[in-house]
Amino acid sequence: MDIKQSEFVKSAVTPNQYVEHDSYEIAFVGRSNVGKSSLINSLTNRRKLAKVSGTPGRTRLINFFLINNLMYFVDLPGYGYAKVSKVEKAKWGPFIEAYLNNRPQLKKVVLLVDSRHKPTGDDLMMYEWIKHYGYQVIVVATKSDKLTKNELAKSSKLIKETLNLAGEDKLLFYSSVTKKGREELLDIIFEGNE
Ligand code: GDP
């Protein structure tokens, strides 16, 4: 299924502000600057649906997007940005966990990691939360246009080892620049829900 229609619906902080609906959601989460906004924009063929951040770490909200008048993409706040205060850093945990803990509509979580770097401690914690709450995880390694074939193979091994991916977990490489991985990711996102 391709994405023909997409619109921003609302931002939320607390669970009582989440969009009320009986459909399903796919959430996107990752470190600040990992390329999450660029990925959402390239999936939806929109240039500015999700804000590409000049200043990483500024987006503190959960953003809901209605896709094909059918289901929702949920853009969770980026984590791990070095320059935010300790207090700010301490906030994102409970914030994301509250969402993961309270969302029967949530079907799959797309966890973005940077293909050029070893996944961080925060990435691992996020992966473990997603699994703990029982959601299907799709690990997407971003900015893959920056790697050679050889480096891609190494990166794949490093991500699998560092996150200790289970056999059923999907890992794919993505580039918002070349759109490599787009079709595959869309197939996985909508699989079983069309
Ligand atoms: P976010 O903070 O996770 O939403 O990340 P952004 O989407 O704002 O991207 C952070 C930076 O990485 C921006 O300068 C983007 O242009 C760049 N970027 C994002 N995706 C890609 C990609 O697939 N390839 C390359 N080369 N750069 C990317």
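This is a predicted model: local features need pLDDT of at least 70, side-chain atom pairs count only at pLDDT 80 or more; totals for chains, interfaces and linings use all residues.
## Salt bridges

A salt bridge here is a side-chain nitrogen of Lys or Arg within 4 Å of a carboxyl oxygen of Asp or Glu. Lys 157 is exposed, at 54% relative accessible area. Shared partners also join Asp 2, Arg 182 and Glu 183 into one salt-bridge network.

The whole structure has nine salt bridges. One of them pairs Asp 75 with Lys 36 at 2.5 Å, N to O. Asp 75 is in strand E4 and Lys 36 in helix H1, so this bridge ties together parts 39 residues apart in sequence. Asp 75 counts as buried at 5% relative accessibility, and Lys 36 counts as buried at 10%.

## Where H1 meets H5

Helix H1 (residues 36–44) packs against helix H5 (residues 182–190) at about 85°, with the axes 11 Å apart. That makes H1 and H5 roughly perpendicular to each other. From H1, Leu 39, Ser 42 and Leu 43 meet Arg 182, Leu 185, Leu 186 and Ile 189 of H5. Sort the residues of this contact and you get five nonpolar, one polar and one charged.

## Aromatic rings

There are four aromatic pairs in the structure. One of them is Tyr 18 with Phe 64, a tilted pair at 5.9 Å centre to centre and 45° between the planes. Tyr 18 lies in the loop between strands E1 and E2, while Phe 64 is in strand E3, 46 residues apart. Both Tyr 18 and Phe 64 are buried. Ring pairs link Tyr 18, Phe 64 and Tyr 99 into a cluster.

Definitions and conventions:
Residues are numbered from 1 along each chain as its sequence is written. Side-chain values use heavy atoms; hydrogens and water are left out. Rings of Phe, Tyr and Trp (its six-membered ring) pair if their centres lie within 6.5 Å; planes under 30 degrees apart count as stacked, over 60 as edge-to-face and the rest as tilted. Helices (H or I, at least four residues) and strands (E, at least two) are DSSP runs, numbered from the N terminus. Buried means under 20% relative accessible area, exposed over 50%, partly exposed in between (1.4 Å probe, protein chains only). Axes are lines fitted to C-alpha atoms, for helices over the stretch in contact, and angles run from 0 to 180 degrees between N-to-C directions. Angles under 35 degrees count as roughly parallel, over 145 as roughly antiparallel, 65 to 115 as roughly perpendicular and the rest as oblique. Contact means heavy atoms within 4.5 Å. Ala, Val, Leu, Ile, Met, Phe, Trp, Tyr, Cys and Pro count as nonpolar, Asp, Glu, Lys and Arg as charged, and the others, Gly among them, as polar.
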